[in-house]
Amino acid sequence: MLEYVEKIKETARKLFEEGKVDVFIGYKKGSVPMMNQPVLISNADQVDLLYWDSNCGLNLCNYLTRRTDRIGIVANGCNSRNIVTHITENQISRDQLYIVGIPCKGMIDHRAVQRAVKQREILSIEEQGETFMVKGKDFEDTFNKSDYLQRNCSVCTHRNPVIFDEMVAPPVEEQIGVDAYKDVKEIEGMDPDKKWEFFTRIIENCIRCYACRNACPLCYCPTCFVDESKPQWVGKSSDPIDTMTFHILRAYHCAGRCTDCGACERACPVGIPVRQFTKKLNKDAKELFSWEAGLTLDQRPLLDVFRPDDYNDFIR
C-alpha cells in the first residue's frame, strides 16, 4: 500500500491550495517500527509528513468528535464506517468532511511479528508488495503479510470505504467466505461457568489503563462512566469484579456501534483480546436485526430507533 502515499500527499496539497479544508487528518511514520501515528496538518507545507502503509492501525475518527472546522481525512473501510457512525450520532457533519478513500489490504499484527522474531528488537520494517521484511541488529526476516494480519483484518469484509469523496486507487477485492464469528460460536457453546472462566482469564492482566477506551472512536462521552463519582458506577480498584464490570459495560456501550476496527486490541499494552467482548454483540446485531454498524447514512443506528407497536412492554 506504499503506492498510496504520493496520492495522499497530492490530494492533501490540492485541498489546502484550493482552500477546501482547514485541517487534514492522516498518519505519519512512527518513531518506532510498526507504530505509525495519527497526524493533523494545517497547511500544504506539512503534507510530506503524511504516510500510509500496513501499520496504520489506530482509528482516526477519534479526532473528529465535535469539530467545527473543514476536515480532510483518509479513511479505509473501518475508518469510513466510524465516520458514518459519527455523522449519524451528530458528532460531525458530512458537509465538513472531504474523505480520501483508501482501499485497504489489512494491517499487520505487530505483536504476532514480535513473537515470530522471538521478541528481539525490530529496528526497521520494509513492505514489498504482499511481503514485508523486518530487520534487527543481528537478524533479518521476511514474512507473508497475509499470515500476520491483525485478527480483525483477517476476517474483514468491508475493506473499501463505504463513503468517500475520492479514492487513492481502485477498490480492492472484498474477502468472501470468511467466518468472522468462529471464535464467538465456540464461546457460545460453553456452559455459563466456562464462559465466565474464559472472560475472567482474558482480563486477568488488565491494568485498567483505559487504552482500549481511549483508542475507541465510539468512546466520546464527556465523562466516561468509569470516571463518574456521583453515582459511582464502578470501583476504581483493580479488583477483578471492577475490571470485569468495566469491560462488560463498555462492550454494551458499543452495542450496534462497533465496526470491529481493532483499535482497542492494538492499543492494549498487555495484549488483551478486547474484541471478544464486542464481537458477540456484533454477531447478535447482524443475526437478529441484519445490522452492521456504519454501512449507510440512510438508516438510524440500531439502538436509535423504536416502533410504537414493539412487542416489548417497556417501549409503551
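**Entry 1: ground rules**

I number residues from 1 along each chain as its sequence is written, and I leave hydrogens and water out, since side-chain values use heavy atoms. The model is predicted, and local features need pLDDT of at least 70, side-chain atom pairs count only at pLDDT 80 or more, while totals for chains, interfaces and linings use all residues.

**Entry 2: pockets**

I began with the open spaces, where a pocket is an open set of points on a 1 Å grid over the protein atoms alone, with protein on both sides within 12 Å along at least five of seven lines, and where lining residues have an atom within 4 Å of a point. Grid points are joined across faces, edges and corners, and a volume is the space filled by probe spheres set on the points.

For the largest pocket I noted about 610 Å³ of space. It is lined by 22 residues, and the closest to its centre are Phe 289, Leu 302, Leu 303, Val 305 and Asp 310. Which helix gives the largest share of this lining? I found that helix α10 (residues 275-289) does, with 5 residues; helices (H or I, at least four residues) and strands (E, at least two) are DSSP runs, numbered from the N terminus. Sorted by class, the lining of the largest pocket has 15 nonpolar, 3 polar and 4 charged residues, where Ala, Val, Leu, Ile, Met, Phe, Trp, Tyr, Cys and Pro count as nonpolar, Asp, Glu, Lys and Arg as charged, and the others, Gly among them, as polar.

The second largest pocket holds about 480 Å³, and of its 35 lining residues, Arg 81, Cys 156, Thr 157, Thr 259 and Asp 260 lie nearest the centre. I noted that α2 (77-88), α4 (151-154) and α10 each supply at least two residues of this lining. Its classes come out as 15 nonpolar, 13 polar and 7 charged.

**Entry 3: cavities**

The search of the whole structure finds 3 cavities of 30 Å³ or more.

The largest cavity has a volume of about 110 Å³, and among its 15 lining residues the closest to the centre are Cys 216, Leu 218, Cys 258, Cys 261 and Cys 264. Both α9 (263-267) and α10 supply at least two residues of that lining, which by class has 8 nonpolar, 4 polar and 3 charged residues.

In the second largest cavity I noted about 80 Å³ of space.

**Entry 4: rings**

I counted rings of Phe, Tyr and Trp (its six-membered ring) as paired if their centres lie within 6.5 Å, with planes under 30 degrees apart called stacked, over 60 edge-to-face and the rest tilted. This rule gives 8 aromatic pairs. One of them joins Tyr 210 and Phe 246 edge-to-face, at 5.0 Å centre to centre and 65° between the planes. These two residues are 36 apart in the chain, with Tyr 210 in the loop between α6 (192-202) and α7 (211-215) and Phe 246 in helix α8 (residues 240-253). Tyr 210 is buried at 13% relative accessible area, and Phe 246 is buried too, at 1%; buried means under 20%, exposed over 50% and partly exposed in between (1.4 Å probe, protein chains only).

I also noted an aromatic cluster of Phe 132, Phe 143 and Tyr 148. Elsewhere, the charged end of Arg 120 sits over the ring of Phe 139, 4.1 Å from its centre, the rule being that NZ of Lys or CZ of Arg is within 6 Å of the ring centre and within 35 degrees of the ring normal.

**Entry 5: backbone**

Most residues other than glycine have a negative phi, and most peptide bonds are trans. Against that background I noted that the bond from Lys 230 to Pro 231 is cis, with omega near 0°, and that Pro 231 is in the loop between α7 and α8.

Asn 90, not a glycine, has a positive phi of about 60°; this residue is found in the loop between α2 and β5 (97-101). Arg 208 also has a positive phi, near 55°, and lies in the loop between α6 and α7. Are these two residues buried or exposed? Asn 90 counts as exposed at 64% relative accessibility, whereas Arg 208 counts as buried at 9%.

Notes: 1 Å grid on protein atoms, 1.4 Å probe; cavity = no way out; pocket = protein on both sides within 12 Å on 5 of 7 lines; lining within 4 Å.
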